[in-house]
Amino acid sequence: MSAPSRTETRRSSFSSVMQTITGPALTRPTRLCFIVEEKYETDAMPGVVADVLRAWGHEVDILRPRTQLTDLDALLGKAYDAFVLKTVSGGPGLSILEAVAAAGATTLNDHKAIRLARDKAVAASRTRAAGIPFPTTFFASRAQVLVQTPREMYPLVVKPNNGSSCEQILRVDSPEELAELDIDDSGFLLVQPYLPNPGYDVKLYNTGEEVFAAVRRSPLHPGEDVVEELIPVTDELREIALAVGEAFGLDIYGVDVVETEDGWVVLDVNDFPSFGGIPDAAERLARSVLRMAHRAAGTAAASTPETGSATPAARTTLAMEVSA
């Protein structure tokens with residue numbers, strides 16, 4: 001399959017997800033708690049989603065796990081309809097999310113699905129087991145064992161097992177080059193064969209309403225002249241995106257893919273990316289949060305025997321993980 005034409009010189013803005021806040025409240029008033037890491041307190045996402053929800057008449061509280069002592073019992077006692085997490089890999093927010101889930105809260109994205117995507121070795125196995133094209137992957141507990149990589153596998157890609165935002169991803173062309181690198185091995189590492197490609201990645205985004213595709217610069221080709229822009233979502237790209245969501249149990253997520261001579265190959269799965277440049281991203285995500293929270297609450301209510309008294313609203317958690 002040939003890559004979509006990108007002869008236009010216009011560069012779409014992927015740094016902003018701020019959208020005009022319009023539209024109905026959509027559903028009954030909802031109580032939400034956004035768990036936001038320090039790194040993202042001043043970023044557009046998830047603040048714009050909270051702004052949309054407030055404009056629609058919903059209640060949104062912000063929890064900052066880096067600076068607040070969190071009383072878990074009190075947090076659960078507030079009976080939020082949903083907990084929304086925006087965190088970095090390894091951040092404290094995920095522990096709070098899982099603590100809430102362990103107390104019986106419904107999780108959307110499911111907290112188990114989030115763990116599948118967070119651990120890149122697990123994600124690799126999950127993707128390949130589902131029959132979705134994904135590179136052969138080797139696991140390294142530390143940088144010293146990388147020298148065992150067979151010479152015929154070069155060039156190769158080395159990346160952190162718990163990485164995010166395309167950080168610390170390296171292309172290594174030979175064992176000699178590997179020997180000269182100072183690779184951070186504070187965490188586990190993954191090794192994959194480098195796949196020849198056009199010099200850019202494509203990011204697939206599922207907002208919970210619709211699948212979008214956007215050209216992204218590749219961390220392996222930093223010098224390439226790439227126009228970052230939305231591109232048409234072909235049937236093949238949509239099928240890949242939906243297959244990944246089904247395999248992981250994710251509702252809102254991103255998928256990094258690259259076009260090779262053998263077709264499209266998945267490189268990474270993110271349980272909640274930035275959604276930069278996606279039209280009306282904040283409103284689409286706000287609608288998805290409300291729809292999934294109320295769907296889960298309705299399911300819980302339907303499974304509760306009638307007692308003649310009101311059934312408390314089911315608490316739902318939705319995890320948002322930043323990724324490029």
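**Sheets and aromatic pairs in a predicted model**

Y205, F272 and F275 form one aromatic cluster. Rings of Phe, Tyr and Trp (its six-membered ring) pair if their centres lie within 6.5 Å; planes under 30 degrees apart count as stacked, over 60 as edge-to-face, and the rest as tilted. Four aromatic pairs are found in a search of the whole structure. One of them joins Y80 and F83 in an edge-to-face arrangement, with 5.4 Å from centre to centre and 75 degrees between the planes. Y80 is buried, with a relative accessible area of 2%. F83 is buried too, at 0%. Buried means under 20% relative accessible area, exposed means over 50%, and partly exposed lies in between (1.4 Å probe, protein chains only).

The model is predicted: local features need pLDDT of at least 70, side-chain atom pairs count only at pLDDT 80 or more, and totals for chains, interfaces and linings use all residues. Residues are numbered from 1 along each chain as its sequence is written, and side-chain values use heavy atoms, with hydrogens and water left out. The chain has a mean pLDDT of 83 (the predictor's confidence in each residue, from 0 to 100). A pLDDT of 70 or more is reached by 83% of the residues. Over residues 1-25 the pLDDT is below 50, and this stretch has 60 contacts in the model beyond near neighbours in sequence (contact means heavy atoms within 4.5 Å). Over residues 304-315 the pLDDT is also below 50, with 16 contacts beyond near neighbours in sequence. Where pLDDT is low, the predicted coordinates should not be read in detail.

An open sheet of five strands has the order 11-10-9-12-13, with antiparallel pairing. Strands are DSSP runs (E, at least two residues), numbered from the N terminus. Two strands pair if DSSP finds at least two bridges between them. Strand 11 and strand 13 (263-270) stand at the edges. Each has a single partner strand, so one side of each is left without a neighbour in the sheet.

Strand 9 (residues 200-206) pairs with strand 10 over seven bridges, in the antiparallel sense. D201 has R216 of strand 10 as its bridge partner. Four residues lie between the two strands of this hairpin, where G208 takes a positive phi near 95 degrees. Strand 10 (residues 211-217) has six of its seven residues buried, so it is largely enclosed by the rest of the structure. Strand 10 also pairs with strand 11 (residues 230-231), antiparallel, over two bridges. Here A213 has I231 of strand 11 as its bridge partner. Strand 12 (residues 253-260) and strand 13 run antiparallel and are joined by seven bridges. V255 is partnered by V269 of strand 13.

The loop between strand 10 and strand 11 holds H221. H221 is buried, with a relative accessible area of 14%. Its side chain makes a polar contact with the side chain of Y194, at 2.9 Å. A polar contact is a pair of N or O atoms within 3.5 Å; within protein, one must be able to donate a hydrogen and the other to accept it, and residues adjacent in sequence count only if both atoms are side-chain atoms. Leaving aside neighbours within four places in sequence, H221 is in contact with R171, Y194, N197 and G199.

Four strands form an open sheet in the order 5-8-6-7, also with antiparallel pairing. Strand 6 (residues 156-160) and strand 8 (residues 189-193) are joined by five bridges. P160 has L189 of strand 8 as its bridge partner.
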